[in-house]
Amino acid sequence: MEADSKSAKASEFMEFLQAHSARLRMNPPTPTALHETIDFLSEHQPGWPAETSPEDFAKILVQRYPELRFEWSGAEGGGAAELENEPATDKQIAYLKVLEAPIPEYLGLREASDLIDQWKDRVSVGQKRRLDFYKLEYDPKITREQATALIDVYKQKHPESEQAYQEWKARSGLT
C-alpha cells in the first residue's frame, strides 16, 4: 500500500477512534500504535483497506494493544464522587507507562484519565532518540503524530536506516 494511502487510512481511523472511543470502551491510540497496526495489516492481509471498517480496525488495535481498553468499574451504581476515589485500572496504568507519563504512588480513575489526555500526544523518549539519530530537525514541541510522520518519511527515503538504528541501539545497550 502506498504511503499516501496509508496516511489517509491512518487519519480516517484516528478521527473515528477519537470520536467514538467512549462507545468503543477504549482510549484513543498513540499515532505509533495506529501506524504499527496499519503496517502489520499491510504485511499480513492484502486488501485490508477495503475490507477493514473503522470498527474492525478498533478491534484489531485493542487485540494488539490491550492497554487501550478501559473499564469503568462501579460506574453503574456509583456517582462521580465514587469514581474519583476508585483506583486507576491496571490498563490505565499500563497505558500511562507506554506514554512515559509520571505515575504517582496512588492514582485515581479520574486522575489517570486526565494524565492520559495530557500525555497521549507527547513525543516519546524513543522517538526523540530516533529523530536525533537520523539527525532530523524538529520543533521542541513536536507531537507523537508529527514525530511518527517524520520518522516514517525518513525511513521510506532511507530503508537502510532502520537496520543502522537497531544496530546502534544494541551497541548502546538501549532497549
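Reader: By class, what makes up the lining of the second largest pocket?

Author: The lining of the second largest pocket has nine nonpolar, four polar and seven charged residues, where Ala, Val, Leu, Ile, Met, Phe, Trp, Tyr, Cys and Pro count as nonpolar, Asp, Glu, Lys and Arg as charged, and the others, Gly among them, as polar. This is a predicted model, in which local features need pLDDT of at least 70 and side-chain atom pairs pLDDT 80 or more, while totals for chains, interfaces and linings use all residues. Residues are numbered from 1 along each chain as its sequence is written, and side-chain values use heavy atoms, without hydrogens and water.

Reader: Which residues lie nearest the centre of the second largest pocket?

Author: Of its 20 lining residues, A3, K6, S7, H35 and D152 lie nearest the centre. Two or more lining residues come from each of α1 (3-24), α2 and α9, and α1 gives the most, with seven. A pocket here is an open set of points on a 1 Å grid over the protein atoms alone, where a 1.4 Å probe fits, with protein on both sides within 12 Å along at least five of seven lines, and lining residues have an atom within 4 Å of a point. Helices are DSSP runs (H or I, at least four residues), numbered from the N terminus.
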